[in-house]
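Please look over the model shown here before reading the notes.

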Amino acid sequence: MRTLYVQGDSLLHRLSPRLKLLLLAGASVALFVVSSLPLLGIMAVCSAGLYAMLGLSLRDSWQRLRPILLTIVIVALFTLLVDTPVQAATVLLRLTSLMLLAAAITATTGIGAFIDEITWLALPLERLGLMKASDIGLSVGLVIRFVPEVLLRYISIRDAHYARGLKPRPLTLAVPMIILTLRSADEIAAAIDARGLRGQK
Amino acid sequence: MDIRFEEAEARFEKRLILHPLTLSLSERRIGVIGLNGSGKTTFVRMINGLVTPSSGRVSVNGFDTIKDADRVRAETGFIFQNPQNQIILPILKEDIALGLKSRKLSRELTDAAVEAVLSRFGIAHLADRRAHELSGGELQLAALASVLVSKPGILIMDEPTNQLDLRNRNLVQFTIDGLEESVIVISHDLDLVADFDRLLLFHQGRLAADGNASDVISRYREIAA
């Protein structure tokens, strides 16, 4: 079991989770309102500086950010194909800044704190009788908690291919990953039920 | 502890997994043994309502596992075969605190309860550790703490010594022996359950033997031969 959380005592660690999430929401809006490339460049550098406060090595950072960074590059290249280079650079800088900010907040906020904040944010929905706020908090917490787990599962299935002298292919990777993930989800759902964690008020 | 099965059976789709069963359990330490696929796990999952009877009734301390599912789960803690999936949050103390959320305790009281249960199992030093960093024995103790923090009177454990080395296996046995709660343990480790008050043997979805440990283990050896 792995976690995206990085233990530490940085300024980001000490800030309240609620404030961090509100700042992230504000920064997201700002990033999409701004369209000046130099300004977006400055914001990207600031986001990188904030991420650097975590003190992670370049290798660790690359491992954590690689999947989403590759996705951003693909989106930027696609934009380059269908739009102007300026627009592609804008997309690249916006999404990279957003990724760095979100990653910094995820790395400095425990999942328990995330669950508490999301539960608090969802309380109006509970008052309207639409759903239980704690279930929403738990769902979001579980997503954050199991992202690294799914990546680990991918690595173990890929290594199993290598061990058997097989070349990993999308289909032969995807099928066992889906089956194992669903099986694990079943067991975790049973554990959540057994511990009476669902439907808490 | 008062657990009752009244003609309770379990089906998965149309397949009969557990034949109609009538029995009551009140002993403090009960072992459940049998070959793989004999219906042991289905049986214990019926006790805390994870599997509901397709006919008949199961009750725990007077509470029906279907109608009073929440109450039954509050009365029965469950430790799964793979404690990795039992620990929902990565940091141990956060995970244990999660089990107390429904009580709406203050932060101080929650922290005190978490510390108390960790100390009870001698793992207070692991409070800030990530679950993936724990050894097999530590992980079992962590799973125990995460379940017992909400103070269920009955604890069900599904193969608690599975895949543990001898030292960790002995640690888990020592811990089970010292538990104040009533325990129901599924195990292939016959030494673990050899001095339990009562053993149940399942075979091909039926209760094949029920009684004192030595008799039931002898019967199991005959079946397994």
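Predicted model: local features only at pLDDT ≥ 70, side-chain atom pairs only at ≥ 80, totals over all residues.

Residues are numbered from 1 along each chain as its sequence is written, chains are lettered from A and ligands numbered from 1 in the order in which they are written, and side-chain values use heavy atoms, with hydrogens and water left out.

**Chain A**

- Chain A holds 9 helices and 0 strands, where helices (H or I, at least four residues) and strands (E, at least two) are DSSP runs numbered from the N terminus.
- The C-alpha trace of chain A spans about 55 × 55 × 35 Å along its principal axes.

**Helix 6 and helix 8 of chain A**

- The axes of helix 6 and helix 8 of chain A come within 8 Å and cross at roughly 145°, with axes taken as lines fitted to C-alpha atoms over the stretch in contact and angles running from 0 to 180 degrees between N-to-C directions.
- Residues in contact (heavy atoms within 4.5 Å) include A:Phe114 and A:Ile118 from helix 6 of chain A, and A:Leu138 and A:Ile144 from helix 8 of chain A.
- The residues of this contact divide into 9 nonpolar, 4 polar and 1 charged, counting Ala, Val, Leu, Ile, Met, Phe, Trp, Tyr, Cys and Pro as nonpolar, Asp, Glu, Lys and Arg as charged, and the others, Gly among them, as polar.

**Chain A against chain B**

- The contact draws 27 residues from chain A and 29 residues from chain B.
- Between them the two chains bury about 2400 Å², with 57% of it on carbon and sulfur atoms; buried area is the accessible area (1.4 Å probe) that two parts lose on being put together, summed over both.
- The count between chain A and chain B is 1 salt bridge, that is, a side-chain nitrogen of Lys or Arg within 4 Å of a carboxyl oxygen of Asp or Glu, and the side chains of B:Asp95 and A:Arg195 meet in such a bridge at 3.1 Å, N to O.
- Helix 6 (111-121), helix 8 (133-163) and helix 9 (170-194) of chain A each supply at least two residues of the side that touches chain B, and helix 9 of chain A gives the most, with 8 residues.
- By class, that side of chain A has 14 nonpolar, 6 polar and 7 charged residues.

**Salt bridges overall**

- Over all chains the count comes to 17 salt bridges.
- B:Arg29 and B:Asp177 meet through their side chains in a salt bridge (3.1 Å, N to O), which links strand 3 (residues 29-34) with helix 7 (residues 166-178) of chain B across 148 residues.
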